[in-house]
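Please look over the sequence and the structure shown here, and then follow the paragraphs below, which move through the chain one topic at a time.

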Amino acid sequence: MITSLPDDYSPQRQTLLKPDIAFVHVRLAHFVAMGAGVGLVRFAPGTFGTLAAIPLYHLLDSLFEPVSLLLILDVFFIMGIWACAVTGRALNSPDHSGMVWDEIVAFMLVLFFTPSHWIWQLAAFLLFRFFDIVKPAPIGYLDQRLKGGLGVMLDDLLAAFYTLLCIAGWKSMVLFQSYF
């Protein structure tokens, strides 16, 4: 298995591949990057990838202690760098919309630090999708400049950071006033 290929996207091959279920299952990297097939959804695959993070997070949260869960998320992030780089090269697109592992891992991190009440998690979901779509600075800058697996994973990690920053601000105001 070759994992250290350069991130060159051939200008000779202008047509982008349209991944299908066979593509997802041909390599472990494709399976991971495409979120086990969630990325094949034609309409808003990033949103569906973010939604897929919710049951996966709750399953892992019920099985592991918090420190172990954070270590698993670290491994998932590193695995995502590799998987998105390999899949991006295979698709001749460094950040193909079907690669949703970045949304899954980043939103699982958001859920780790978000209160378990559904209102908090809904707010976190909406904020994360907002930051992932709008890409305010420096997310947009990194998205344009940093290509390959690290670029794919890092912009969503920054969107998660912005989300957690907003949630922390909201928590400080709401919990101070004891609305919930």
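Pro-138 lies in the loop between helix 6 and helix 7, where helices are DSSP runs of H or I with at least four residues, numbered from the N terminus. The peptide bond that leads from Ala-137 into Pro-138 is cis, with omega near 0°. This is a predicted model, in which local features need pLDDT of at least 70 and side-chain atom pairs count only at pLDDT 80 or more, while totals for chains, interfaces and linings use all residues. Residues are numbered from 1 along each chain as its sequence is written, and side-chain values use heavy atoms, with hydrogens and water left out.

Ala-44, found in the loop between helix 2 and helix 3, has a phi near 55°, a positive value in a residue other than glycine. With a relative accessible area of 28%, Ala-44 is partly exposed, a class that runs between buried (under 20% relative accessible area) and exposed (over 50%), as found with a 1.4 Å probe on protein chains only. Asn-92, in the loop between helix 4 and helix 5, likewise has a positive phi of about 55° although it is not a glycine, but Asn-92 counts as buried, at 11% relative accessibility.

How many salt bridges does the model contain? The count comes to three, if a salt bridge is taken as a side-chain nitrogen of Lys or Arg within 4 Å of a carboxyl oxygen of Asp or Glu. In one of them the side chains of Arg-129 and Asp-132 meet at 2.7 Å, N to O; these two residues are three apart in helix 6 (residues 118–134), and are therefore separated by about one helical turn. Both Asp-132 and Arg-129 are buried, the relative accessible area of Asp-132 being 7%. Asp-132 also forms a salt bridge with Lys-135, with the closest N and O atoms 3.4 Å apart, and Lys-135 counts as partly exposed, at 22% relative accessibility.

Lys-135 in turn meets the side chain of Asp-155 in a salt bridge of 2.9 Å, N to O. Asp-155 counts as buried, at 1% relative accessibility. Through shared partners, the salt bridges join Arg-129, Asp-132, Lys-135 and Asp-155 into one network. Beyond the residues up to four places away in sequence, Asp-132 touches Glu-103, Asp-155, Asp-156 and Ala-159, contact here meaning heavy atoms within 4.5 Å.

Some of these residues return at the largest pocket, which has a volume of about 200 Å³. Of the 14 residues that line the largest pocket, Asp-95, Ser-97, Glu-103, Asp-132 and Lys-135 are the closest to its centre. A pocket is here an open set of points, on a 1 Å grid over the protein atoms alone, where a 1.4 Å probe fits and which has protein on both sides within 12 Å along at least five of seven lines, and lining residues have an atom within 4 Å of a point. The volume is the space filled by probe spheres set on the points, which are joined across faces, edges and corners. Helix 3 (45–63), helix 5 (101–113), helix 6 and helix 8 each supply at least two residues of the lining, and the largest share, three residues, comes from helix 6.

Not counting residues up to four places away in sequence, Phe-76 touches Leu-60, Trp-101, Val-105, Met-108 and Met-153. Leu-69, placed in helix 4, counts as buried at 0% relative accessibility, and its contacts, on that count, are with Tyr-57, Leu-60, Asp-61, Phe-64 and Phe-112. The C-alpha atoms of Leu-69 and Phe-112 are separated by 8.6 Å, although the two residues are 43 apart along the chain.
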